[in-house]
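Please look over the sequence and the model below before reading on.

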Amino acid sequence: MVSEQKSADVSFESLLRIFTVPEGPDSTLTQIEAKLSQNLNEFLREHIVAEEKPLKEIEKSFSNPAIPEEPQFVSDHTEHLLDTLVAHSVHTSSPSFIGHMTSALPYFLMPLSKIMIALNQNLVKVETSKAFTPLERQVLGMLHRLIYNDSESFYSQWMHSAQHSLGAFCSGGTVANITALWVARNNVLRADGDFNGVEKEGLFKAMLHYGYKGLAVLVSERGHYSLKKAADVLGIGQEGLISVKTDADNRLCPKDLKTKIAELKEQSIKPIAVVGVAGTTETGNIDPLEEMAAICQAEHCHFHVDAAWGGATLMSNHYRHLLRGIEHADSVTIDAHKQLYIPMGAGMVLFKKPDVMNSIEHHAQYILRKGSKDLGSRTLEGSRSGMAMLVYAAMHIISRPGYELLINQGIDKAKQFAELISKQPDFELVSEPELCLLTYRYIPEAVKCALEKANSADKAELNNLVNELTKFIQKKQRETGKSFVSRTRLNPNQWDRMAVIVFRVVLANPLTSFDILESVIEEQRDIASQAPKLLGRIMDLTNQIIHS
């Protein structure tokens, strides 16, 4: 006998129930919440990466483009989400998930996030956020002080000033970088005489007025791809994003920066900003910020530091010297959802001077009126959630010394892992860790010997084969699901600046033990042995080089 399937009905009364706070511990929604928490806890305990299932198979669960005509019970839909979504998600907090910058999260943020969701404040306007607005301003003040360390009187005067902003909360580093360069562009092309400013008259009239043939932003070869988006959105054009040479340690070369600025000026192209990187995405290296700041000061050019990854290092008294010079930046990007261990969607841009954001100020009679303390008047994004509350909570619960311990352990662990890799006869360290990132690759010991004798052509062929092997190992390791490292492409000196594919590891998770790192190496060595044909080709060429 087939049991009759119950279905939910569409009625205003049933809709009212899903908008109502559950009545007590025995209510359906309360029971669902408890079950959901239990299932998520099990996922976070048991999964490493995800239950292995090809993406094509997963897509079948999400292939219907029709909006349902009949409602589902919340309990039934919860089961659907657990089976089709949660079971095939990536456990980014796993101690073995060491390939990306997505943070492990302190568990206390999960219950605290209910406050943010339940209140559903909109930080665009005081009328829709009330206490969340001064809280967000305080968080921006705390990060501003971490970078610039101004006086108590400075923050008393400017932190809650209606006419000023110390920065802006954003959904991430991309919007933060765009905001910084937007401010830089508008201040360079500001109102002058009969010209009302680029924000009023547009880029074409601004260029005519100032006599520029183009605009430029300068950044190292390791600059983040978000800067290309910024150049596009701001009308500078991707060709206006000028790449500056890096040295053997992936840091910008100040000499080449000076040369590039001089060349631009000769062509009547105005450099609106120079971007220093504090924690490159691929290798975690930090540009020479002090030297860059001095160059920018001499050239009267906006100096922006993209510290989306490395900015949290300022929490560590032991390692903050690595970012020396950041206090001279006109603006700084920091992502709280990276090394401040906050959920995704919490970027920030801070400005040294409290009045520079006035160049991008916008008002609307119905919502953003002049003289109000509305944060939306100086942000690219309008409606925003109260993510600042989670940053505020974490900084109080973890505290600056707590963050220092987290930063220190990550950098120290990366140094230990680098040492472990260097001791392996069949692995090669490609970039030394400056923060908690490093890159390396698997290379059979005999190949290392062959490289000492190889000519340019043989070396290039060997490199291509090792690149294939690196891709195979990384993909197989990801598919196996025990652990995860990412891969990227570098041009290291030891390989004559050829394009080299490497494993990339990020060691910010405090739960990642040294035993896990040793097991990652062993797993990669084992996976390499599962590619006998490719290894055979590598060894044939190696023997040919050695015995030639």
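**Briefing: cavities, cores and selected residues**

The lining of the largest cavity is made up of seven nonpolar, six polar and no charged residues, where Ala, Val, Leu, Ile, Met, Phe, Trp, Tyr, Cys and Pro count as nonpolar, Asp, Glu, Lys and Arg as charged, and the others, Gly among them, as polar. The model is predicted, with local features needing pLDDT of at least 70 and side-chain atom pairs counting only at pLDDT 80 or more, while totals for chains, interfaces and linings use all residues. Residues are numbered from 1 along each chain as its sequence is written, and side-chain values use heavy atoms, with hydrogens and water left out.

**Cavities**

- The structure holds two cavities of 30 Å³ or more, a cavity being a set of points, on a 1 Å grid over the protein atoms alone, where a 1.4 Å probe fits but cannot get out.
- The largest cavity has a volume of about 80 Å³, a volume being the space filled by probe spheres set on the points, which are joined across faces, edges and corners.
- Lining the largest cavity are 13 residues, of which Phe97, His100, Thr102, Ala104 and Asn509 lie nearest its centre; lining residues have an atom within 4 Å of a point.
- The second largest cavity, with a volume of about 50 Å³, is lined by Arg137, Leu140, Met159, Ser165, Leu166, Gly167 and Leu375, which divide into four nonpolar, two polar and one charged.

**Nonpolar cores**

- The largest nonpolar core has 112 residues, and those with the most contacts inside it are Leu340, Ile342, Phe417 and Tyr440; such a core is a set of buried Ala, Val, Leu, Ile, Met, Phe, Trp, Tyr and Cys residues joined through side-chain atoms within 4.5 Å, with buried meaning under 20% relative accessible area, exposed over 50% and partly exposed in between (1.4 Å probe, protein chains only).
- Helix α14 (residues 399-423) gives the largest share of this core, nine residues; helices (H or I, at least four residues) and strands (E, at least two) are DSSP runs, numbered from the N terminus.
- Because domain 2 (130-385) and domain 3 (401-546) both give residues to this core, it lies between them, the domain bounds coming from an automatic or database domain assignment.
- A second, separate core of 33 residues includes Leu227, Leu234, Ala273 and Phe351.

**Strand β5**

- Five of the five residues of strand β5 (residues 302-306) are buried, so this strand is largely enclosed by the rest of the structure.
- In a regular strand the side chains alternate between the two faces of the sheet.
- Both faces of β5 are covered, with His302, His304 and Asp306 buried on one side and Phe303 and Val305 buried on the other.
- Strand β4 (residues 269-277) pairs with β5 in the parallel sense over five bridges, pairing requiring that DSSP finds at least two bridges between the strands, and Val275 stands opposite His304 in β5.

**Individual residues**

- Most residues other than glycine have a negative phi.
- Asn250, in the loop between β3 (241-244) and α11 (254-266), has a positive phi of about 65° although it is not a glycine, and Asn250 is buried at a relative accessible area of 11%.
- Tyr341, in the loop between β6 (331-335) and β7 (347-351), has a positive phi of about 60° although it is not a glycine, and Tyr341 counts as buried at 4% relative accessibility.
- Cys449 lies in helix α15 (residues 445-453) and counts as partly exposed at 44% relative accessibility.
- Cys449 and Ile546 are 97 residues apart in sequence and 7.6 Å apart in space, C-alpha to C-alpha.

Terms used
1 Å grid on protein atoms, 1.4 Å probe; cavity = no way out; pocket = protein on both sides within 12 Å on 5 of 7 lines; lining within 4 Å.
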